[in-house]
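Subject: Structure handover

Hello,

Here is the structure I promised to pass on. My notes follow below it.

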Amino acid sequence: FKWGVRKIIDFHFYQVYNHVMKQFVRILYCTLIFLFFIQGSVFAYSTNMSASLVLGQADFTHNSANRGSTTDSNTLSGPRGIAFCNGIMVVADLSNNRVLVWNTIPVSSGQAANVVIGQTTMTGNTANNGGISDSTLNNPIDVACTPAGKLIIADALNHRVLIYNSVPTSNGQPANLILGQTTTTGNTANQGVSNLGPWSDCPSLGQPARATTMNKPEAIDTDG
């Protein structure tokens, strides 16, 4: 019995620790993304070191969303999740309702992205691009890549997760799979399901969650 309790405690400690560490390394609600390069490696850091380049801004002294102008391939507004897929860098550009793809790790400040997901052009930033489908986004908040190269996007305000069999190579490419909704045009929290058992007597509690539904998914992780 004592062994069983210890295993449960250890499991929950691991869950909390894993979540905290994951969130610690994420870029939260800022307009700058810093990449650190030492002898060609993006993983070599030291205390109080300076960034080598900046994305989303022309230089290190500015911080306006979309560089204080219109959305483009070299601007950002509220970037959140970031992932690396076999040398490809992917950033969730939350407030621009899109995900940007750099085919290689950027080597210069203000470098433009190569591909946009969620919009048909680099200048678009409307939620769901005027009409929800399997190629649109509404506040994408996190991204992740599998070892096999699949790209996963948490499409928060569409209450769904999109899965691409590979990182898109063209603008506005549709997802291959949708989780959390039954159709490409559905975007209600928990699929709008109501009147399930006691929930029908408590409308103030919102829609009931089920194994097939989602309500503002905000984080993604994968072990393969």
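Is Cys85 buried or exposed? Cys85 has a relative accessibility of 4%, so it counts as buried. Buried means under 20% relative accessible area, exposed over 50%, and partly exposed in between, with a 1.4 Å probe and protein chains only.

Some ground rules. This is a predicted model, in which local features need pLDDT of at least 70 and side-chain atom pairs count only at pLDDT 80 or more, while totals for chains, interfaces and linings use all residues. Residues are numbered from 1 along each chain as its sequence is written, and side-chain values use heavy atoms, with hydrogens and water left out.

**Disulfide**

The structure holds 1 disulfide (a pair of cysteine sulfur atoms within 2.5 Å). Cys85 and Cys145 form it, with their sulfur atoms 1.4 Å apart. Cys85 sits in strand S3 and Cys145 in strand S7, so the pair ties together parts that are 60 residues apart in sequence. Cys145, at 17% relative accessibility, also counts as buried. Strands are DSSP runs (E, at least two residues), numbered from the N terminus.

**First sheet**

S3-S4-S5-S6 is the order of an open sheet of 4 strands, and the pairing is antiparallel. Two strands pair if DSSP finds at least two bridges between them. The edge strands are S3 (79–85) and S6 (115–117), each pairing on one side only. On average, neighbouring strands here are turned by 20 degrees against each other, direction ignored. The axes behind that angle are lines fitted to C-alpha atoms, and angles run from 0 to 180 degrees between N-to-C directions.

S4 (residues 88–93) and S5 (residues 98–102) run antiparallel and are joined by 5 bridges. Val90 stands opposite Val101 in S5. Arg98 is also placed in S5. Arg98 counts as buried, at 0% relative accessibility. Its side chain makes a polar contact with the side chain of Asp93, at 2.7 Å. A polar contact is a pair of N or O atoms within 3.5 Å; within protein, one must be able to donate a hydrogen and the other to accept it, and residues adjacent in sequence count only if both atoms are side-chain atoms.

S7 and S8 pair over 5 bridges. Ala144 stands opposite Ile152 in S8, and Val143 has Ile153 as its bridge partner there.

**Cores**

The largest nonpolar core has 18 residues. Such a core is a set of buried Ala, Val, Leu, Ile, Met, Phe, Trp, Tyr and Cys residues joined through side-chain atoms within 4.5 Å. Among those with the most contacts inside it are Val90, Ile117, Val143 and Leu151. The elements giving two or more residues to this core are S3, S4, S5, S6, S7 (140–145), S8 (151–155) and S9 (160–164). Apart from it lies another core, of 11 residues, including Leu53, Leu55, Trp102 and Met122.

Best regards
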